[in-house]
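Trainee: I would like a close look at one part of this model, taken slowly and with the details joined up.

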Amino acid sequence: MSASIIEIASITVKHALSRGADEAEVFIVKSKNNSVELENNTIKLAHTTEDRGLGVRVLVGKKIGFSYTNKLDKQSIEKTVEKALSIARSGKEDPYIRGLPLPAEKYPRVEGTYSLEIANIGLDDLVEKASRMLNILTHDKRIVVVWGSITTSSWNVAIANSNGVYQQDFGTIAFIGAEVVARENGDVTPGISEWDISRTSFPSIEKLALRLKEKAISNLKPVKIDEGSLPVILTEYAVNSLFAYTFIEAIKGDNVVRERSPYKDKINTKVASEKITIIDDGLLKNGLNTSIFDGEGIPRRKTTIIEQGVLKNLIYDHYWGLRAGKESTGNASRSDYASMPRVAPSNLVIAPGTYNKNELLKETGKGLLVDGFQGAHSSNPETGEFSVVATPAWYIENGELKAVRGVMIAGNLYKLLEKVDALTKTSRQVGTIKSPWIRFPNVRVIVKK
Amino acid sequence: MQDVFNKLMDYARSLEVDFADARMERVEKTLISIQDGVLKELKAGIEEGVAIRVLYRGAWGFASSSEISFESLKKALDTAYAAARTLSYHVKKPARIVELPSKTDIVRAVLKRDPRDVPVDVKIKDYLEYEKMLRGKEYVKSTTVYYADIVGTTFYASTEDRYIEQEKIITWMYTWLTGRINDIIASVRDERGAVDGYTIWDKWDKNEIARKVIDRLEKQLKAKTPKGGVYPAVLAPEIVGVFVHEAFGHLAEADLTTSGSAISDKLGKEIASPLVNIVDDPTLPGGFGTFKYDDEGVETRKAVLIEKGIVKELMVDRQYSVLLGIKPTGNARAESFKVPPLIRMRNTVMLPGDYSKEELFEDIDYGYYLVSFRGGQANLDGTFQVGVQEAYEIVNGEIGEPVRNMSISGNTLDTLKEVDAVAKDFELELGRCGKGQLAYVSDGGPHIRVRKIVIGGAR
């Protein structure tokens with residue numbers, strides 16, 4: 001295979017048209033991962049995997065078909081095109097289809113998405129880093145490393161379609177993270193995790209390991225608390241977990257069109273506390289999901305979702321944008337070459353507030369600090385109702401943190417968003433959402449007696 | 001494939017590795033998704049590739065290749081070997097694995113109707129017809145239906161001279177329904193599947209499933225929310241299944257047990273009511289987790305996790321088998337050739353007891369009957385949470401009004417001790433599990449009664 005993937009994509013589009021497609025789009029990903037994994041206080045495995053593949057979407061009239069392959073030879077690609085065409089023909093018309101996207105006049109320049117350091121790092125370096133992480137963590141005999149990973153990925157994606165979209169992008173990412181438990185005098189913490197992700201440089205092993213160790217040890221020696229209503233502070237990890245199954249679903253254009261979102265007909269109305277501003281920023285420097293174009297070749301951009309509590313925009317791909325009478329916001333996402341594009345946020349940035357963390361804890365008086373949830377995926381995205389186990393969690397008392405276990409919190413995220421009364425001034429991206437710590441003044445806390 | 005693999009394993013032995021294996025997979029998938037009457041996605045494709053593992057001086061290396069010529073496999077093996085060598089300098093506790101005798105076996109799927117023989121337009125017609133049945137009621141606002149069939153063949157070889165070919169074919173469907181009455185919005189799910197081909201509609205009637213899902217939605221829209229607190233409850237098989245899998249099963253995956261899960265020091269000890277028997281059984285007919293060999297080429301066998309309340313054994317892979325002295329159970333599974341196998345569950349079930357289902361309700365003055373779940377999750381420390389999408393009050397021994405938006409939580413071990421009656425019925429549910437990688441699994445059991453469980457619910 002000597003042709004570049006963007007050339008293969010473009011040739012395949014032409015081939016699909018010659019075989020009878022009215023429109024065609026080809027998406028190709030080539031990637032390489034190096035990874036070292038920790039398990040049960042040992043380095044478990046080192047691995048290197050290379051992957052590549054092609055996905056082709058064709059339209060025959062208003063019928064759509066998609067096929068994929070992980071072989072990029074001519075024969076496999078041609079077979080894949082035939083498959084896409086044949087299933088499209090056996091399908092049923094989608095009356096809402098208005099064709100594939102057109103190319104943009106201008107594509108953005110993105111910063112902080114590729115690092116030679118990350119792309120070129122050898123597996124031996126990763127092994128050495130993993131070994132260092134393990135040593136720092138297990139230096140404290142109370143800590144057991146359940147799982148850990150040091151991973152780098154680099155990739156090249158290309159997309160071409162029959163309307164003239166012809167784009168490619170390169171990216172790298174480094175991930176370091178671990179889950180540990182701490183044990184002391186018969187007391188065992190729940191699994192406690194920390195991770196750092198960067199597109200541009202290798203995160204510090206030492207900083208991560210020390211932060212994680214401190215978090216785990218501080219979750220020992222739990223205290224009992226009473227049921228009732230308490231102010232609850234969510235860390236960036238907890239925000240990612242809870243919002244993933246509620247807020248993120250609510251801002252997706254497809255869910256809005258399909259009446260599965262409370263934000264239908266709410267543009268320009270107040271849906272959150274005025275302290276809340278949220279932007280979908282596909283161009284965020286060093287953002288996890290930053291790229292030149294989305295899964296359909298539409299330029300990434302910044303879209304204000306909530307501005308000082310007022311709902312401003314929702315996110316769309318090409319298809320759902322048209323169905324809503326709007327334009328794509330560059331939010332078509334593909335998890336790999338074998339998946340069709342779906343609406344998803346890029347980097348969701350929650351604007352930070354004014355507090356530093358210690359100030360916030362002190363000012364809270366009595367409350368709960370939550371770093372993760374169990375059962376967040378059982379939340380109800382349509383209503384925002386959730387009832388989840390807060391773990392790990394700490395009881396806050398005059399700025400001091402004391403571990404608590406088996407605490408559930410329940411409520412309605414959309415209603416709680418209206419009441420947010422404080423955010424920290426620092427924020428981090430540990431998932432789709434870049435978030436500060438967020439405080440909700442009154443949340444129902446249920447405790448097993 | 002066998003010839004190429006033989007040559008590859010000869011080459012691996014020449015590198016003086018402790019062990020090496022290769023797992024080639026060819027997976028053909030078809031996916032149909034229908035939203036609100038529109039055929040939204042129609043997808044078909046094939047992926048093929050090889051996973052190679054090398055154990056060298058107690059260190060594991062892994063590589064994968066999407067080309068399957070001998071030269072590509074040799075290159076992947078060299079990569080895995082180099083990774084293992086690099087790691088071997090840093091390994092303090094060398095990994096050892098159970099070695100198995102040489103063997104050749106070919107396992108074919110037993111199908112009533114091969115999904116590959118069913119034209120895609122027939123599948124589309126079936127699911128469009130089913131989806132239409134979901135949209136009769138005015139309060140139904142949106143429908144999503146997925147259908148997938150996955151036809152896979154795995155070719156496995158190891159330096160032990162093992163060569164195993166195994167076919168796995170599953171069909172799967174998923175329904176998600178959203179409704180609204182005034183200000184109340186609710187949604188419900190349904191998931192089912194088959195392992196004997198395109199047979200879902202032979203096993204279940206379209207109208208009947210549709211009615212069941214719509215009925216569940218209506219109750220979620222009209223019901224009252226539960227009182228939070230601690231109550232007795234009767235758990236139906238679907239809830240028992242998710243509890244056995246999420247709340248207990250993960251704790252008994254040997255990698256997680258060893259990491260300090262809530263049962264790490266409980267092997268041989270009583271942790272549950274003597275009425276509780278839990279097994280992970282790869283031989284149950286019709287289960288998503290039913291297969292003869294796992295992804296390390298190990299013969300699968302039933303793992304008895306809890307017998308009469310006592311923890312008997314754990315689910316292991318080749319390595320934890322040696323580490324813990326447990327006879328291999330065949331619990332190693334990989335999502336694809338792109339990743340190494342992990343310890344995963346298969347069909348995890350609670351075994352039936354002696355009670356009639358009706359008896360379970362008799363002694364409850366006030367409690368809850370939990371029928372169907374929305375999602376569940378557990379932590380290593382043994383706390384769990386299960387979202388419930390169909391539940392009823394129990395008042396004076398009778399099933400009463402439906403309740404909505406409910407969840408249960410608690411500590412797994414405490415909850416297992418509170419089981420005071422196990423019925424003689426049994427149902428197996430087919431679903432999926434995520435532990436970094438996706439696996440198709442089954443779980444289930446009989447109706448059971450729990451004296452105390454924490455009921456939470458959003459007010």
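What is the area buried between chain A and chain B, and what share of it do carbon and sulfur atoms give?

Mentor: Bearing in mind that this is a predicted model, the area buried between chain A and chain B is about 6700 Å², and carbon and sulfur atoms give 51% of that area. In terms of residues, 81 of chain A are in contact with 81 of chain B. Turning to the polar side of this interface, 39 residue pairs are in polar contact between chain A and chain B, both residues of each pair being at pLDDT 80 or more, and the rule finds six salt bridges across the interface. One of the salt bridges is formed by D36(B) with R258(A), whose closest N and O atoms are 2.7 Å apart. On the side of chain A that touches chain B, strand β2, which covers residues 42–60, gives the most, with eleven residues, while the residues of that side as a whole divide into 31 nonpolar, 28 polar and 22 charged.

Terms used:
Residues are numbered from 1 along each chain as its sequence is written. Chains are lettered from A and ligands numbered from 1 in the order in which they are written. This is a predicted model: local features need pLDDT of at least 70, side-chain atom pairs count only at pLDDT 80 or more; totals for chains, interfaces and linings use all residues. Side-chain values use heavy atoms; hydrogens and water are left out. Contact means heavy atoms within 4.5 Å. Buried area is the accessible area (1.4 Å probe) that two parts lose on being put together, summed over both. A salt bridge is a side-chain nitrogen of Lys or Arg within 4 Å of a carboxyl oxygen of Asp or Glu. A polar contact is a pair of N or O atoms within 3.5 Å; within protein, one must be able to donate a hydrogen and the other to accept it, and residues adjacent in sequence count only if both atoms are side-chain atoms. Helices (H or I, at least four residues) and strands (E, at least two) are DSSP runs, numbered from the N terminus. Ala, Val, Leu, Ile, Met, Phe, Trp, Tyr, Cys and Pro count as nonpolar, Asp, Glu, Lys and Arg as charged, and the others, Gly among them, as polar.
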